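Colleague: Could you take me through the packing and the ring contacts in this one? I'd like the criteria along with the values.

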Amino acid sequence: MERTQVAIVGAGPAGLVLAHLLAANDIESVVLESRSRDYVERRIRAGVLEQGTVDLLHQLGLDERLRREGMVHRGIELRFEGRSHRIPLSDLTGGRAITVYGQQEVVKDLIEARLNAGAQILFSAEAIGVDEIASERPVVHYRYEGRVESLEADFVAGCDGSHGVCRSAIPTREIQVFQKEYPVAWLGVLAAVAPSTEELIYAYHERGFALHSMRTPELSRLYVQCPPDDRLENWSDDRIWSELHQRFAMDGWSLAEGPLVDRSITPMRSVIAEPMQRGRLFLAGDAAHIVPATGAKGLNLAVSDVRVLASALDAWYRSGRTELLECYSSTCLRRVWRVEHFSWWMTSMLHRFEGEGPFEHRLHLSELRYVCESAAAATSLAENYVGLEQV
């Protein structure tokens, strides 16, 4: 049986950042990832990094390409009633900002740096079970190259997403899952055309929500609200562009079109598992919580989790202190619930839900006007959006 200090299940942002944080403290880890390296590095996910995430990548020396290619944004735009309203994020938060840099690019950078350091990341290694989590020697069983292998560790970090084996390793009587399904989804497309905006546009319209983001100076990332049971075949290129033009419509502004190179539909939901730990097993990222994409928080919340976990593990290995490990879940959940609330609020404010009529429509507009006209309300949005330094 193979052995390591920390077994990390999942090579997404949570697992990879944790591996780097542990290595910085001379703690050994092995990362198990069920998918191939090519798949992990190509899957399109989030693209907005909070200030704290960018700062951490800089501290770890992992931001060379991020600094060169990432697009720093110091504001976002709320668009409704055919008018634009800028929220000056940096002005309202003491200079903090967001950086647009695709999650797959972050993952590429993290994988390359770990492998260059001689670290062990096993791709196409599917975790099939976690045993002995209440003992001092938990074990992860995984299928690799046609064989079932076992990895023993001091601790297991479950960074394997909402469908992985780690959360299910905690007995159902010892974990509570809170969840909310929103009656909306996002049809997301990647268009091979230069962005039509310098900053993200969040648009509220009678026909539904739309978002204009970007990935590079040559690639635009665009979203339109759709029903959660919608299908891609219902959306021709012409229909997608027609809806985008209508929802972003504003005098003096136009949306540039280009070939659509990727498209997907993502349901909006909130999920929180409490506690985020059991014995020597610790959950992080999507294995513990999911947020609707409206707040741009998924990757950033995962990074926050593993930052807490890495500090707790460092204290244990250095001095045998257990108090940080014992309060890992409660520490993380303070931020998790704050972020869940912010993401719920943004989702509720910016989307038209099924069954809403003229009354609800005017409530949406009233709230949007208040956010744009009140310094206090705009500051609240800004400080949550760039990432709260402390919760």
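This is a predicted model: local features need pLDDT of at least 70, side-chain atom pairs count only at pLDDT 80 or more; totals for chains, interfaces and linings use all residues.

Colleague: What makes a set of residues a nonpolar core?

Modeller: The members are buried Ala, Val, Leu, Ile, Met, Phe, Trp, Tyr and Cys residues joined through side-chain atoms within 4.5 Å; buried means under 20% relative accessible area, exposed over 50%, partly exposed in between (1.4 Å probe, protein chains only). The largest such core has 73 residues, with Ile-8 and Leu-283 having the most contacts inside it. A second, separate core of 36 residues includes Met-71 and Leu-211.

Colleague: Why is the pair Tyr-202 and Tyr-385 called edge-to-face?

Modeller: Rings of Phe, Tyr and Trp (its six-membered ring) pair if their centres lie within 6.5 Å; planes under 30 degrees apart are stacked, over 60 edge-to-face, the rest tilted. Here the centres are 6.0 Å apart and the planes at 90°, so Tyr-202 and Tyr-385 are edge-to-face. Both tyrosines are buried, too. By this rule there are 13 aromatic pairs.

Colleague: How do you know that Arg-79 lies over the face of Trp-253?

Modeller: The rule wants NZ of Lys or CZ of Arg within 6 Å of the ring centre and within 35 degrees of the ring normal. Arg-79 is at 4.2 Å from the Trp-253 ring centre and lies over its face. Lys-180 lies over Tyr-182 likewise, at 5.4 Å.

Note on methods
Residues are numbered from 1 along each chain as its sequence is written. Side-chain values use heavy atoms; hydrogens and water are left out.
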